Amino acid sequence: MTDRVVAALQALVRIPTVSDRDPARVDTGAFDRLLVELATQFPLLHERLDLTHVGTHGLLLHWPGASDARPVVLMAHLDVVPVDTEAPWRHDPFGGEVHDSDVGPAVWGRGTLDDKGCVAAICDAVESLLEAGHVPAQDVWLSFGCDEEVSGTAAVEAVEVLRERRVTPWLVLDEGGAIAGGAFPGVKVPLGVIGVTEKGTTSLELVAEGRGGHASTPARNGPTARLARAILRVEKSPFPASAPAPTLELMRRLAPHVPLPLRPVLKPLLGRADRLAPVVTRALLAAGPEAAAMTRTTVATTTLSGSPALNVIASTAKAGLNIRVMVGDTVAGVVEHIRKAVDDESIRIVVVESGEPSPVSPMDEAFELLEDCIGEVFPEAVATPYVMMAATDSRHFTAISEHVYRFAPFRMTKAQRQAIHSYDEHIGVADLVDGARWYARLIERLPS
């Protein structure tokens, strides 16, 4: 298992399956090669599982179990984000090379954590179980999307295929959480964070228009000035903060592990987080942007455009807002909040992309199965629910299942998590092997 899963991930990383919102800019040949490589690396899986193609290069594979009463879907995605050629990568981002790292020998390259590591680990677990003659207690479906990084349609098509076949998953598991080290200041134990929901992703454009003209005769309150004022007003009008139930449960589970000097003060507080939600919320807001994002809808101004030349006053100025909608908020409420904050009828607000937050999945038998598997493979970790900040393909599966969770079974340091979508992305060899072992254990433990 060790050699195969490492070699498989190396082979997958070496194929640059970069997705793009413009289909004409996608190297379809790379995706073709990746599908061939998957079949080469995992021949039994492709021989014995029923394969349905979804989207341009997405895969939906069906492994019949002893029962189809409570089917399980394991998810990952084949595409990756582009590489910034100016970033200081220590090793070739598409080399898939093994080098030493902060976590020991590691596979380096784009997609090792997001999300080809999960692809390789899931496939290796299934291949190993097929070799051993294992028959899962329930039907197992593998759903590998090809356009997750650009909010594409492959996952939507996979959901439609399952709906047509009357498949109602008992458990859906996608990327998201991890065995996260250094997640909270002073807390030494890693957290096995399982996303029970995810924020909605919504994009707005603020548009200011005017006559424009020659830069030598500027008028007051031109498009760029009004746009700048609108951006500042949005930044000065944060959304109300309130820790949702999964965050309060996370804090409760964290309570016994706070630093010893702070334990007498913080442990009673965190242990009663549900009754002290306002205090917990204020504490998270004061702990920095990562913790604060756990309490509210966030807005980031990400794109700006204006004049095409330095000596031309813009006739149209635009700002893009990327918004992550907290559980309990709605897109309509977000737009209204932004409209009130801008307080300028001359600024148009255009909804570019609309995504509501996902429903909160229950912490029942399905969640407990994930917890138990974390306890077996990663006994050092504290398993806990959390609200995932980013978006995954799994949000589409909430239409057919109420048990949708987000967890990648890999140890990740804070530095590794920061490398996702950035440079020096890498996964420890031992951590990759343990991730494959975790997926195999999950399949073995499916209830009959």
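## Basis of the model

Because the model is predicted, local features are reported only at pLDDT of at least 70 and side-chain atom pairs only at pLDDT 80 or more, whereas totals for chains, interfaces and linings use all residues. Residues are numbered from 1 along each chain as its sequence is written, and side-chain values rest on heavy atoms, with hydrogens and water left out.

## Overall form

The protein has 14 helices and 17 strands, where helices (H or I, at least four residues) and strands (E, at least two) are DSSP runs numbered from the N terminus. Its C-alpha trace spans about 80 × 60 × 45 Å along the principal axes. A compact globule of 448 residues would have a radius of gyration near 22 Å, and the 23 Å of the protein agrees with this; the radius is taken over C-alpha atoms, and the globule rule is 2.2 Å times the number of residues to the power 0.38.

Of the 448 residues, 52% count as buried, a term that means under 20% relative accessible area, with exposed meaning over 50% and partly exposed lying in between (1.4 Å probe, protein chains only). The protein exposes about 19300 Å², of which carbon and sulfur atoms supply 54%; these areas come from the Shrake-Rupley method with a 1.4 Å probe, and for residues only the protein chains shown count as cover. Among contacts (heavy atoms within 4.5 Å) between residues at least 6 apart in sequence, 81% join residues at least 24 apart.

## Nonpolar cores

A nonpolar core is here a set of buried Ala, Val, Leu, Ile, Met, Phe, Trp, Tyr and Cys residues joined through side-chain atoms within 4.5 Å. The largest such core has 71 residues, and those with the most contacts inside it are Leu 74, Leu 142, Phe 144 and Trp 438. Helix 4 (residues 116-131) contributes the largest share of this core, with 10 residues. A second, separate core of 20 residues includes Leu 204, Ala 208, Leu 321 and Val 334.

Leaving aside residues up to four places away in sequence, Trp 438 touches Leu 173, Leu 370, Cys 373, Ile 374, Val 377, Phe 378, Phe 407 and Pro 409.

## Strands and sheets

All of strand 15 (residues 382-388) is buried, 7 of its 7 residues, so this strand is largely enclosed by the rest of the structure. Strand 8 (residues 191-198) runs parallel to strand 15 and is joined to it by 7 bridges; strands are taken as paired if DSSP finds at least two bridges between them. Within this pairing, Val 387 in strand 15 is the bridge partner of Thr 197.

Elsewhere, 3 strands form an open sheet in the order 4-5-17 with antiparallel pairing. Strand 4 (98-99) and strand 17 (426-428) stand at its edges, each with a single partner strand, so one side of each is left without a neighbour in the sheet. Strand 4 and strand 5 (residues 106-108) pair over 2 bridges, and His 99 stands opposite Ala 106 in strand 5.

## Helices and a loop

Helix 7 is largely enclosed by the rest of the structure, because 7 of its 10 residues are buried; these are Pro 246, Thr 247, Leu 248, Glu 249, Leu 250, Met 251 and Leu 254. The loop between helix 7 (245-254) and helix 8 (263-271) holds Pro 256, which is partly exposed with a relative accessible area of 39%. Although Pro 256 and Val 187 are 69 residues apart in sequence, their C-alpha atoms are 9.8 Å apart in space.

Thr 281 lies in helix 9 (residues 277-286) and counts as buried at 6% relative accessibility. Not counting residues up to four places away in sequence, Thr 281 touches Ala 241, Ser 242, Ala 243 and Thr 295. In helix 2 (residues 28-41), Asp 32 is partly exposed, with a relative accessible area of 41%; the C-alpha atoms of Asp 32 and His 57, 25 residues apart along the chain, are separated by 7.4 Å.

## Cysteines

A disulfide is a covalent bond between the sulfur atoms of two cysteines. With a disulfide taken as a pair of cysteine sulfur atoms within 2.5 Å, the count comes to 0. Cys 123 is in no disulfide, and the nearest cysteine sulfur, that of Cys 118, is 11 Å away; Cys 123 counts as buried at 1% relative accessibility. The sulfur of Cys 373 is 15 Å from the closest cysteine sulfur, in Cys 118, which is too far for a bond, and Cys 373 counts as buried at 0% relative accessibility.
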